[in-house]
Amino acid sequence: MSQHDPADHAIIQDHGRAACRVVHALVTPLRCGTKAVPHQDAQVCAASASVIRLYFRYRGRESRGRLAPTGVFPGEMTLRTWLTERFGLAVPVVGAPMAGVGAGRLAAAVSEAGALGMIGVAAAAAGEWITKEAAVAGGGPYGIGLMAWALTGNPAQFDAVLELRPTIVSVSFGPYARYVEELRQAGITVVTQAGTTDEARAAEQAGVDAVVARGAEAGGHGRDAVATLPLLQSVLDAVSVPVLAAGGISTARGLAAVLAAGAAGAWVGTAFMGCAETALSETATERLLAAGETGTAYGRVFDIAQRLDWPPEYGGRALRNAFFDEWAGREDELAADDDAPARQAAARAGGDFDTACIYAGQAVGMVRERRTAADVVAGFAAAEELLARFA
């Protein structure tokens with residue numbers, strides 16, 4: 001957080017964003033730092049400029065602060081969806097929960113930028129770890145992603161989430177339905193990821209607030225059954241709850257496409273993997289940035305090698321490497337190789353990503369440079385301009 005006066009902090013935290021919205025409604029269209037706004041009340045115009053300057057000073061963005069005529073903050077869209085309205089977002093994007101990649105720091109950065117950040121929880125993570133990372137995520141909206149298959153053996157994760165009461169919880173991949181009602185009774189918005197239309201229908205029947213239509217292009221674990229666009233179209237026709245689209249959405253063009261189809265927003269993982277706020281090592285990040293669009297592979301090789309109890313229908317999409325190529329199609333032999341878990345553990349510790357895995361989706365070819373989460377979110381906001389061409 002940038003340095004600021006205590007009084008500034010109080011104003012921005014308690015009133016700043018709301019004040020900017022009110023002022024914006026009064027003096028639209030305002031262009032900060034370019035030309036004056038025609039308005040009868042000069043005091044309102046002066047107050048608006050003061051509030052906006054204070055906002056950018058607090059955010060540390062004076063050098064690039066500019067109030068676009070279509071929104072209150074740089075990168076903010078006026079296009080409203082269920083996602084933006086429910087959580088007060090500027091851009092209809094959720095930073096997908098990515099275990100080992102996205103912890104509290106990334107979640108905080110995504111939410112601070114105007115989207116909704118989430119913490120990805122690994123199967124073996126302790127409840128205390130979740131509590132610690134939630135504190136890092138800060139006082140704004142944030143979410144937590146749980147793997148249903150892991151909760152039976154690690155119930156402390158669910159207990160920690162119930163106590164924390166984050167804005168949103170994704171519980172997916174396994175017997176998730178048993179957790180939905182208790183989460184909702186705690187005032188938490190609940191979503192689950194569906195890889196087929198039948199899974200989406202079942203999720204609606206289980207009582208979730210929204211469904212994530214997760215296409216086969218997506219990184220990490222899930223089904224390899226249907227691509228994002230055909231799945232999204234089918235799910236939108238099949239359920240009445242809001243639908244978020246996941247898989248292959250890495251730029252404003254992808255966001256515009258799914259919004260035009262009727263999605264309430266995008267569930268984005270890989271696009272954030274090059275961000276400075278991730279938990280990835282420098283070596284892993286370099287490998288990711290060098291990957292091309294055909295550089296991923298889907299399968300169960302890495303789960304079997306690490307003896308992870310993922311349900312077999314949920315394989316993982318990761319960067320293709322020498323280990324994957326060696327064992328793909330030989331999974332039964334790999335399951336009998338007693339040395340495989342130790343080799344994987346040593347490779348992860350030593351940064352050997354010819355052996356260890358980096359989960360990523362097919363959009364990885366568009367992740368070419370180190371960026372901040374704020375830059376990525378701002379890039380997605382250009383979807384509104386693309387959609388406006390057809391208004």
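**View 1. Arg-317 and Asp-224 form a salt bridge, with the closest N and O atoms 3.4 Å apart.** The model shown is predicted. Arg-317 sits in strand E11, while Asp-224 belongs to the loop between E7 and helix H10 (228–238), so the pair ties together parts 93 residues apart in sequence. Arg-317 is buried, at 7% relative accessible area. Asp-224 is partly exposed, at 40%.

**View 2. An open sheet of 3 strands runs in the order E7-E11-E10.** Its pairing is antiparallel. Strands E7 (220–222) and E10 (296–299) stand at the edges with a single partner strand each, so one side of each has no neighbour in the sheet. On average, neighbouring strands are turned by 25° against each other, direction ignored. E7 is joined to E11 (residues 315–319) by 3 bridges. Gly-222 stands opposite Gly-315 in E11.

**View 3. A salt bridge joins Asp-354 to Arg-287, with the closest N and O atoms 2.8 Å apart.** Asp-354 lies in the loop between helix H16 (340–350) and helix H17 (373–380), and Arg-287 in helix H12 (residues 282–290). The two are 67 residues apart. Asp-354 is partly exposed at 39% relative accessibility. Arg-287 is partly exposed at 31%.

**View 4. Glu-333 meets Arg-330 in a salt bridge (3.0 Å, N to O).** Glu-333 is partly exposed, at 45% relative accessibility. Arg-330 is partly exposed too, at 28%.

**View 5. Thr-81 lies in the loop between helix H2 (42–59) and helix H3 (82–87).** Thr-81 counts as buried, at 12% relative accessibility. Beyond its neighbours within four places in sequence, Thr-81 contacts Pro-92, Leu-259 and Ala-264.

Notes:
Residues numbered from 1 in each chain as written. Predicted model: local features only at pLDDT ≥ 70, side-chain atom pairs only at ≥ 80, totals over all residues. Heavy atoms only, no water. Pairing = 2+ DSSP bridges. Helix = DSSP H or I, 4+ residues; strand = E, 2+ residues; numbered from the N terminus. Axes fitted to C-alpha atoms, helices over the stretch in contact; angles between N-to-C directions. Buried < 20%, exposed > 50% of the residue type's maximum accessible area, 1.4 Å probe, protein only. Contact = heavy atoms within 4.5 Å. Salt bridge = Lys/Arg side-chain N within 4 Å of Asp/Glu carboxyl O.
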